[in-house]
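Here are some exercises to work through with the model open beside you. Try each task yourself before you read its solution.

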Amino acid sequence: MPENRDTNISSIDPPWLAPMAGYTDLPFRLLCRECGCSTAYTEMISAKGLLYSNKSTQKYLNTCSRDAPLVVQLFGAEPHFLYEATKMLHKQGFEYFDLNAGCAVKKVVKTGSGAALLKNPPNLQDCLQAMLDATGEKNIGVKIRSGWALSRPNYLEVGKKAQDTGVGWVTLHPRFASKGYS
């Protein structure tokens, strides 16, 4: 069970370890913490996968007392799934959560999740509100990109709406989703 409960995440100094698919498992996070990482993220976790008890999804939550504070990064586009997943994890002792609205991988965006949320800011705001409602605390963040496409940068609009919703932090991946990882 995580032991984050008394940590105010806004007061934690950098460096923070960004979530990286295929890398940020528990052993890697612990190694980074030995090298000075103050806060780490889990790999991106499907809210639906958690609720349907997908065994491969559960492994992303492996942690220990030396792995704190830990931010659980969720993805999804349906507020009710994000609410239930966040609520479940919060009851298990996880305290900090981040909504991924930056992943540009095809299998994620085709579900309306990840960076596809940038094309639907009202739904993105609903997803964040659902996560905030699940914990009752300002321990939710969001990762965004500059926008979906170069022709429509909306990071300022999305970031402001996230702030208005009450998130604790906004992380900007300063590339457009349509550019992928190029």
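A salt bridge here is a side-chain nitrogen of Lys or Arg within 4 Å of a carboxyl oxygen of Asp or Glu. The model is predicted, so local features need pLDDT of at least 70 and side-chain atom pairs count only at pLDDT 80 or more, while totals for chains, interfaces and linings use all residues. Residues are numbered from 1 along each chain as its sequence is written, and side-chain values use heavy atoms, with hydrogens and water left out.

**Exercise 1. Find the salt-bridge partner of D67, and work out which parts of the chain the pair ties together.**

Step 1. Start with the general idea: side chains of opposite charge can pair when their charged atoms come close.

Step 2. Look around D67: its partner is R29, with the closest N and O atoms 2.7 Å apart.

Step 3. D67 is in the loop between α3 and β4 and R29 is in helix α1 (residues 26-34), so the bridge ties together parts 38 residues apart in sequence. Helices (H or I, at least four residues) and strands (E, at least two) are DSSP runs, numbered from the N terminus.

Step 4. Check the burial. Buried means under 20% relative accessible area, exposed over 50%, and partly exposed in between, with a 1.4 Å probe and protein chains only. D67 has 1% and counts as buried; R29 is buried too, at 0%.

Step 5. Widen the view: R29, R33 and D67 are linked in a network of salt bridges.

**Exercise 2. Compare the surroundings of the bridge between E78 and K48: are its residues buried or partly exposed?**

Step 1. The side chains of E78 and K48 meet at 3.0 Å, N to O.

Step 2. This pair links distant parts of the chain, with E78 in the loop between β4 and α4 (79-91) and K48 in helix α2 (residues 47-51), 30 residues apart.

Step 3. E78 is partly exposed at 30% relative accessible area, and K48 is partly exposed at 35%.

Step 4. For the overall tally, the structure has six salt bridges.

**Exercise 3. Trace the aromatic cluster that contains W16.**

Step 1. Rings of Phe, Tyr and Trp (its six-membered ring) pair if their centres lie within 6.5 Å; planes under 30 degrees apart count as stacked, over 60 as edge-to-face and the rest as tilted. The structure holds three such pairs.

Step 2. W16 and Y41 make a tilted pair, with 6.3 Å between centres and 55° between planes. W16 is in strand β1 (residues 16-17) and Y41 in strand β2 (residues 39-41), 25 residues apart.

Step 3. W16 is partly exposed at 30%, whereas Y41 is buried at 5%.

Step 4. W16 also pairs with W169: the centres are 6.0 Å apart and the planes are at 75°, so this pair is edge-to-face. It joins strand β1 to strand β7 (residues 169-176), across 153 residues.

Step 5. W169 is buried, at 12% relative accessibility. Put together, ring pairs link W16, Y41 and W169 into a cluster.
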